[in-house]
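Subject: Structure handover

Hello,

Here is the structure for you to look through. My notes on it follow below.

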Amino acid sequence: MIANAPSMNAQAGIPIIYRRILFAEVGGSGRSQPGAIQSAVAPSAGVMSEGEYAQVLRQAAALSGDPLIALRAGARMPFSVHGPLGIAAMSSASLGDALDLIARYAVVRNPFCRIELEKEGQRARMSLSLIHISEPTRP
């Protein structure tokens with residue numbers, strides 16, 4: 001089994017692109033006012049804290065009425081959104097090589113996730129789990 005370890009980079013933050021992707025997804029649902037998500041994190045910030053990200057996830061689900069909106073938004077993202085890791089995975093010689101690369105280095109891009117890859121013969125199973133999403137600080 002290949003697994004990434006929780007990163008010491010978790011303090012660096014979660015890339016703001018994930019907020020922008022959720023904002024676009026909620027805006028496309030036609031059910032809500034996505035301005036709440038847009039204002040949840042300062043637009044000049046390049047990263048979000050875990051608490052800010054948790055708030056964005058909750059707001060997106062509430063505004064859209066879809067508890068799976070983050071999953072749906074992620075399924076529509078081009079792999080290149082993940083920067084060098086996405087490009088490296090797309091450039092891999094095989095699907096197996098790409099999966100190995102993602103399992104090993106995804107924590108660099110996504111410090112809030114743990115990815116495990118299990119291989120058995122010609123089959124592979126990749127699982128993703130949240131490491132920690134803290135509750136936002138309430139004023």
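Arg109 belongs to helix H6 (residues 95-109); helices here are DSSP runs of H or I with at least four residues, strands are runs of E with at least two, and both are numbered from the N terminus. This is a predicted model, in which local features need pLDDT of at least 70 and side-chain atom pairs count only at pLDDT 80 or more, while totals for chains, interfaces and linings use all residues. Residues are numbered from 1 along each chain as its sequence is written, and side-chain values use heavy atoms, with hydrogens and water left out.

With a relative accessible area of 22%, Arg109 is partly exposed (buried is under 20%, exposed over 50%, partly exposed in between, with a 1.4 Å probe and protein chains only). Setting aside residues up to four places away in sequence, Arg109 touches Pro15, Ile17, Tyr18, Val81, His82 and Leu85; contact means heavy atoms within 4.5 Å. Its C-alpha atom is 9.6 Å from that of Gly13, 96 residues apart along the chain.

The largest nonpolar core has 16 residues, and Tyr18 is among those with the most contacts inside it. Such a core is a set of buried Ala, Val, Leu, Ile, Met, Phe, Trp, Tyr and Cys residues joined through side-chain atoms within 4.5 Å. Helix H1 (17-29), H3 and H4 each give two or more residues to this core, and H1 gives the most, with 4 residues. Apart from it lies another core, of 9 residues, including Ala98 and Ile115.

Asp66 sits in the loop between helix H3 (50-64) and helix H4 (69-76). Asp66 counts as buried because its relative accessibility is 17%.

Regards
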